[in-house]
Amino acid sequence: MHSPAKIGSTRLAAAWSVTAPDGAHITYGVALKRSASSEQIASIRSQLERTAPDAHLLVAAPFLGRGLRAWLADNQVSFVDATGNLRLLADRPGLFVERQGATRDPWPGDGTLRSLRGRGTGRAVRALVDYRPPFGVRALAVRAGVPLGTLSRTLDLLVREGLATRDVRGGVADLDWEGTLRRWAEDYDVRRSNHVATFLEPRGLTNLVDTLRVAERRYVVTGALAAQHFAPVAPARQATIYVDGIADAAEDWRLRPADAGANVVLAEPFDPVVFERAQVRDGTCVVAAPQLVVDLLTGPGREPAEAEELISVMRSDEVSWRA
């Protein structure tokens, strides 16, 4: 190992050489970053490829978030962090070493957002995913009704984890909406993040849907029943519905409280954002696709599999669900 190092015309923190028994060797140029983004790493790799095409890039940092590690792996960039996350690869000599370290940053700075749990961060995630970048953070905060500080801290977390990139003015240049929703699902849970109660519609879900089509109170359907309107996999056995008041909705719709055998879940939401950008499909009001994804990912039974089907549909047609 040589430290510091210059490979071609690229200045790096160190150069590591690996030699195989047959004499074949590979040199890794080590880019040491306190915090890193995919944009920065792509620029360093491009420079290294121009000046030293035989060298490989190795990114080293105190902690690399899941999203950034996935980006590095997809782009065949080796990495290591101080928590033990490691991926080292080369074609010749043939080399592949991988191990798992921490999934969360054990050394977040003071005031640094550590998770996406909570009302404000949930609203911020929805704003970032619902709208297509590029956009300014301040303008998005006003448009989506999110406190600027909350939106900025949420965005900072996503940037640290390689799920978003900022432009030179600090706005959002790009966002991995799928990775962001999956990251949100690590801290959010449809049953625990919202106040819920279970009920029985003794006449079945078909009757419930008919009731909802003429309902006068505000509601929005999520979960397996909503998934039927986007990417049907199998008939829904249970309906999950966001409402403003559980007791009043249950009385209006003649639902019976039940634990065993319940086919309806009523939920008072963590934030009114669940009602925003909802769509009426076949006469039923259903949540926006991003909200449905995170609800399905954290739902019971086959709902996570239905989330994967929905994500595939969303990938193929962003225009239909993203402003």
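Predicted model: local features only at pLDDT ≥ 70, side-chain atom pairs only at ≥ 80, totals over all residues.
**View 1. Helix H6 against helix H11.** Here H6 (residues 177-187) meets H11 (residues 303-316), with axes that come within 11 Å and cross at roughly 155°. Anything over 145 degrees counts as roughly antiparallel, so that's the label for H6 and H11. The crossing of H6 past H11 is right-handed. On the H6 side, the contact uses Trp177, Glu178, Leu181 and Arg182, while H11 brings in Glu308, Ile311, Met314 and Arg315. Sorted by class, that's four nonpolar and four charged residues, with no polar ones.

View 2. Glutamate 49 pairs with arginine 45, their closest N and O atoms 3.9 Å apart. Both sit in H1 (residues 38-51), four residues apart, or about one turn of the helix. Glutamate 49 is partly exposed at 46% relative accessibility, and arginine 45 is partly exposed too, at 21%.

**View 3. Glutamate 276 and arginine 123.** This salt bridge has its closest N and O atoms 3.0 Å apart. It ties together distant parts of the chain, 153 residues apart: glutamate 276 is in the loop between strands S15 and S16, and arginine 123 is in helix H3. Glutamate 276 is partly exposed at 33%, whereas arginine 123 is buried, with a relative accessible area of 13%.

**View 4. Arginine 166 and aspartate 156.** The closest N and O atoms of this salt bridge are 2.7 Å apart. Arginine 166 belongs to strand S9 and aspartate 156 to helix H5, 10 residues apart. Both are partly exposed, arginine 166 at 26% and aspartate 156 at 32%.

Conventions:
Residues numbered from 1 in each chain as written. Heavy atoms only, no water. Axes fitted to C-alpha atoms, helices over the stretch in contact; angles between N-to-C directions. Helix = DSSP H or I, 4+ residues; strand = E, 2+ residues; numbered from the N terminus. Parallel < 35°, antiparallel > 145°, perpendicular 65-115°, else oblique. Left-handed = near helix turned anticlockwise from the far one by under 90°. Contact = heavy atoms within 4.5 Å. Nonpolar A, V, L, I, M, F, W, Y, C, P; charged D, E, K, R; others polar. Salt bridge = Lys/Arg side-chain N within 4 Å of Asp/Glu carboxyl O. Buried < 20%, exposed > 50% of the residue type's maximum accessible area, 1.4 Å probe, protein only.
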